[in-house]
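Good morning, and thank you for the time. Please look at the sequence and the model on the screen while I go through selected features.

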Amino acid sequence: MLPQPKDLERICKGLATLDAVISEDWESRTYSFNAGWNTRAKHRMASMRNGSGDDWFIVFTPSGVFVKAFWHEYPRVDDVAALYEGLPKALAPQLKEAAFEMEYVTFGGWHDGKTWTLRGDQKPMREELVMLSGSATAYVKLVKHVYELKVPKEVVTQVLAGKKLDAAMLAKLPTERTLAELRADLREIGV
């Protein structure tokens, strides 16, 4: 199960912030967050791309949250309409978002302001659901595996809890980037 939307958005911003610190090149990052995905509609979008053909997208809107995930080694959903049956009308435009490639779905759902509705194969999402719960331990392991870097768990914990990245925290992370150099990335993330 996913955390409540407010917590999930905070965690997604934290993951994107940490990845921006660790990887200067946006294309090489696993996690990203765009606080200005659709500024007119006040939509924000979090995403994960692992470089192996797996991805997920989470759109935060004033009316709820939309989730779409694809894992290339698992069967995709044959009937996307059935997977998203009952999707609130306010979230329905996300089904037509070209960037999400809705023909490739293994897991998806939404939060309607009260509760989560999640369907599809949760097995490939198991590790991501742990990550999206805000597990600093899971992120530290991921960075060690993907980037072969060590990151201090205490800094990861602070960032995932929503603490604003400062120079002291940045100095403990494996990067030569300064806060000034990160400014554009942090503005895009909305932190």
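Lys 42 counts as exposed, with a relative accessibility of 57%; exposed here means over 50% relative accessible area, buried under 20%, and partly exposed in between, with a 1.4 Å probe and protein chains only. Lys 42 belongs to the loop between β1 and β2 (43–49), where helices (H or I, at least four residues) and strands (E, at least two) are DSSP runs numbered from the N terminus. Its phi is near 60°, a positive value in a residue other than glycine.

Before continuing, the conventions. This is a predicted model, in which local features need pLDDT of at least 70 and side-chain atom pairs count only at pLDDT 80 or more, while totals for chains, interfaces and linings use all residues. Residues are numbered from 1 along each chain as its sequence is written, and side-chain values use heavy atoms, with hydrogens and water left out.

Glu 148 also has a positive phi, about 55°, although it is not a glycine. Glu 148 sits in the loop between α4 and α5 and is exposed, with a relative accessible area of 70%.

That residue follows α4, so let me turn to this helix. Helix α4 covers residues 136–147, and its twelve residues should span 16 Å at 1.5 Å a residue; the expected span is 1.5 Å times one less than the number of residues. The end C-alpha atoms are 16 Å apart, which agrees. Which residues of α4 are buried? They are Ala 136, Ala 138, Tyr 139, Leu 142, Val 143 and Tyr 147. The face turned away from the buried side carries the exposed residues Lys 141, Lys 144 and His 145. The cover over the buried residues of α4 includes α1, β1 (31–38), α3 (126–131) and α5 (153–160).

Next, the nonpolar cores. A nonpolar core is a set of buried Ala, Val, Leu, Ile, Met, Phe, Trp, Tyr and Cys residues joined through side-chain atoms within 4.5 Å. The largest has 46 residues, and Cys 12, Trp 56, Ile 58 and Tyr 139 have the most contacts inside it. Helix α1 (residues 5–22) gives the most to this core, with nine residues. Beyond its neighbours within four places in sequence, Cys 12 is in contact (heavy atoms within 4.5 Å) with Phe 33, Ala 46, Trp 56, Ile 58, Phe 60 and Leu 132. A second, separate core of 14 residues includes Phe 57, Leu 91, Phe 100 and Met 102.

Finally, the aromatic rings. The structure holds eight aromatic pairs. Rings of Phe, Tyr and Trp (its six-membered ring) pair if their centres lie within 6.5 Å; planes under 30 degrees apart count as stacked, over 60 as edge-to-face and the rest as tilted. Phe 66 and Phe 100 are stacked, at 6.2 Å centre to centre and 15° between the planes. Phe 66 lies in strand β4 (residues 64–70) and Phe 100 in the loop between α2 (80–83) and β5 (107–111), so the pair ties together parts that are 34 residues apart in sequence. Both Phe 66 and Phe 100 are buried. Trp 37, Phe 57, Phe 66, Tyr 84, Phe 100 and Trp 110 form one aromatic cluster.
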